[in-house]
Amino acid sequence: MGKFTSTDKQNITSRLFAFCLLIGTLMFMDSCRDATELDIPVPAPETENTRAELQTVDNPDGLIQQPDRTWKAVGKRVPLVGVGRVVNSFGSPLLEVIDGQSDNFGKIVDTDIDNYTSFTTSGVSASLASVNLVSVRDIYRTYAGGQQAGFVLHFEETANLLSLDLLKNMEIHFYKDGYEQASVKLVHDEGQTAVGLKLLAFDNGNNGKEQALSVTCPSDKSFDEIQLVINGTNLSLFSSGIDVKYAFVGDNEDKIAATNHNADFWENNFPVVNTDRNFTTNELKNLGGIIPDIQYVPIDGYEKIVDYEIDNSLKLSTGSLLGGSDQYITVNFQKEIPAGYEVGFLYSIDSSILGLNLLGASGPDLYTYDSNGDETGSQGAKTSLLSLDLLNSNKGQMRAGYTLEKPSSQVKIKATDGFFNLIGKLPILGDLIGGKKSIYVYYAYVREPVTVDVSSYFSIDDTEIYKSDYELPASSDEGNVYYNMITQPYGANATVSGNTLTGATKEGAYVIQAIYTDNKTGKQVSHVFTIYRRTSTSAGSGSKYITNASHGAYPSEPLNNDGGCLLCLFNNVNSLNAIVDNNLDN
């Protein structure tokens, strides 16, 4: 090894110094790393919004705004009537033959859901290639996909409901911002039905018949407009014309009359079978042993129609030439059901029979009673209507129901031979032994009447403003509206007092929640919307401000009676110069 010189010592010293300098630099850089890693608060950027919580609605109605701001009907049919709903189109040549007594298309979208607009086929060629019968749009709301949507049609008491041939030529189309999103054919030529197809019909007594036809919109397609289209059909099928009542989304749910179903509606006092011989078929049986004890007892399995397992069914058979009588069963709701509600049963005839084959046929006999057992109404096989819920077509399940004219507490269903004679075009059904025929009853149900949703009376749209104050829809005698500021641009301090937005001085989005309460029903709707504030420098979009500074503008009156002005201002108006100065907020 060589001798250690002073030069070597200097080299080592300089290298040690450089090494220490490197370590110090790295430590300094580490100490300057992102403040968020050290949990040091960082001022929010000017684009960050302040946020408040959405307020909950205590008594919501059927139409609910979703987190993505689309709308969905929950547990209720929501007629698309009232504020923001318009008839967007209706098709020629039917346009030329609208019934003169019903020429107001507003009837389809007004809040009277009992009236209707009539289309007559008089004078139209025998067949049409395709026609848009009617299209209804909501200009303020977009609806979530995956929910029922359709139309309600009205028929005179003597008219027939939609036939299978006609249904095969009908479609429901969904649009958004004027562009078609999906088209759904109700029934294909092969007999296959659209997803979620429902054909619910019932008798309104002297007010005629009503049929609701709806399908499920594809889940990935939102929409703001629905259209009823008829393709290539012979108009003789519309022998009495076409009456359109309203468009709708969602549907009223069945209040199932069975144990542990719809507990709130039944108030935990669930329906039972009235086993009295006058209300439910009883049979003679020996209940004794060696010593006979012959008694009348309810038919076997009667409890199936009120137990929790709603897929269970009770077989009811007709009488036959060999003897016996038509069987029946009565469900006691244990509460009074008001007039105007629909009551009935879900039943099937044979799981191999597609429900569409029965369209327009009559259903089993129905009877209703009060709590004392006195009859309040009936609907026999000759006049009742068949309601089909084709979500269950694989089971051949159907509804038989009608609207109560009087308050009732009990409903009876009876299998009658007359019912089967009316559908004799079908294969022989049920038990063939002794000529008996059978239906299979699953449960009784109650449906609340369709009502106008609170959303029909209030709506508000997103908008842009160019000043710091803005008037929002105010409360009225019909309903009260409350506004809640949710988010606003960083540094803004805007407020909503009454129905006035004030202090929106910062450019950006002001997200506000409106809660509207109907003063009559107490029902509420929450509607979140955005007001976007633009400043004068960002107005863009072709807007030009005519001010004194930019254009030398000043307020004046016409010089003489023959003169004119784009915007006439008069000297007795206060603060005339505010119109043309550079302060856009005064």
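Let's start at L501, which touches I465, S468, D469, Y470, M485, A494, T495, V496, I512 and I531, leaving aside residues up to four places away in sequence; a contact here means heavy atoms within 4.5 Å. This is a predicted model, where local features need pLDDT of at least 70 and side-chain atom pairs count only at pLDDT 80 or more, while totals for chains, interfaces and linings use all residues. Residues are numbered from 1 along each chain as its sequence is written, and side-chain values use heavy atoms, with hydrogens and water left out.

L501 is also among the residues with the most contacts inside the largest nonpolar core, together with F174, L186, L228, V244, V249 and Y483. That core has 60 residues. A nonpolar core is a set of buried Ala, Val, Leu, Ile, Met, Phe, Trp, Tyr and Cys residues joined through side-chain atoms within 4.5 Å, with buried meaning under 20% relative accessible area (1.4 Å probe, protein chains only). Apart from it lies another core, of 31 residues, including L316, L366, A444 and V446.

Now for a loop. N260 sits between β15 (255–256) and α3 (263–266), and N262 is in that loop too; helices (H or I, at least four residues) and strands (E, at least two) are DSSP runs, numbered from the N terminus. Phi is positive in both of these non-glycine residues: near 65° for N260 and near 50° for N262. How exposed are they? N260, at 51% relative accessibility, counts as exposed (over 50%), whereas N262, at 24%, counts as partly exposed (between the 20% and 50% limits).
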